[in-house]
Amino acid sequence: MDIKNGILKRTLFCALCFSVFFINSCEWVTIEPIVPDLPPPDEEISFSAEIQPIFTSKCVGCHPSIKGLDLTDGNAYNSINNENYINSTTPSESLIYKKPDPNGNHSAKYSITESALVLRWIEEGSQNN
Ligand code: HEC
């Protein structure tokens, strides 16, 4: 009788553990898609209003000069407007887009939205607008 009781208790205990495990693993999780907060597609990205502020807040600490790259207001456009930094054939290969990739290892990284803005600005012809 005692042995049976022991087995029964252990079986019940195991069943309890399993149900706790399964109940815990069955919660609803809302997966938020990572959709960058971009302006509507028919609106052009403005270098001065949208791109320069990214450089000013995240890059100018090091890039008034490093590697000859000057991202300060008034100088950034001329500094990056060449094939070194902007690949107009394959925008996603542009160094100014790739180097601070959100998942990259540069000392400063774009947020996902900033990265998408920079890419779209290049795709739209990297204008000084
Ligand atoms: C903490 C300092 C620091 C900050 C902040 C920084 N960088 Fe840099 N960056 C460097 C250094 C150092 C190099 C050169 C070494 C290398 O290529 O990684 C460099 C190189 C680069 C290059 C390649 C230059 C070339 O001609 O090879 C690009 C493009 C660049 N940075 C873009 C940016 C952008 C855009 C930002 C802002 C989002 C930024 N960096 C912020 C330090 C910094």
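Reply: Leu69 sits in the loop that joins α2 to α3, where helices (DSSP runs of H or I, at least four residues) and strands (runs of E, at least two) are numbered from the N terminus. Residue numbers start from 1 along each chain as its sequence is written. The model is predicted: local features need pLDDT of at least 70 and side-chain atom pairs count only at pLDDT 80 or more, whereas totals for chains, interfaces and linings use all residues.

Is Leu69 buried or exposed? Leu69 counts as buried because 20 C-beta neighbours lie inside 10 Å; the criterion, with C-beta atoms placed from the backbone, is 20 or more other C-beta atoms within 10 Å for buried, 12 or fewer for exposed, and anything in between for partly exposed. Once residues up to four places away in sequence are set aside, Leu69 touches His63 and Ser79, a contact being a pair of C-beta atoms, placed from the backbone, within 7 Å. Tyr85 is 16 residues from Leu69 along the chain, and their C-alpha atoms are 9.5 Å apart.

The loop between α2 and α3 also holds Lys67. Lys67 is exposed because it has 10 C-beta neighbours inside 10 Å. Its phi is near 60°, a positive value in a residue that is not glycine. Most residues other than glycine have a negative phi.

A positive phi, about 35°, also occurs at Ser126, again not a glycine. Ser126 belongs to the segment after α5 (112–123). With 22 other C-beta atoms within 10 Å, Ser126 is therefore buried. Beyond its neighbours within four places in sequence, Ser126 contacts Asn81, Ile86, Ser88 and Trp121.

Trp121 leads on to the nonpolar core. The largest such core has 16 residues, and Trp121 is among those with the most contacts inside it, together with Ile51, Phe55, Leu71, Leu117 and Val118; a core here is a set of buried Ala, Val, Leu, Ile, Met, Phe, Trp, Tyr and Cys residues joined through C-beta atoms within 7 Å. Two or more residues each come from α2 (47–58), α3 (76–80), α4 (95–98) and α5, and α5 contributes the most, four residues. In soluble globular proteins, nonpolar side chains tend to be buried together. Apart from neighbours within four places in sequence, Val118 is in contact with Ile51, Ile96, Tyr97 and Tyr110.

In the protein as a whole there are five helices and zero strands, giving the pattern α-α-α-α-α along the sequence. Of its 129 residues, 17% count as buried. Among contacts with a separation of 6 or more, 48% join residues 24 or more positions apart.

Terms used. Contact = placed C-beta atoms within 7 Å.
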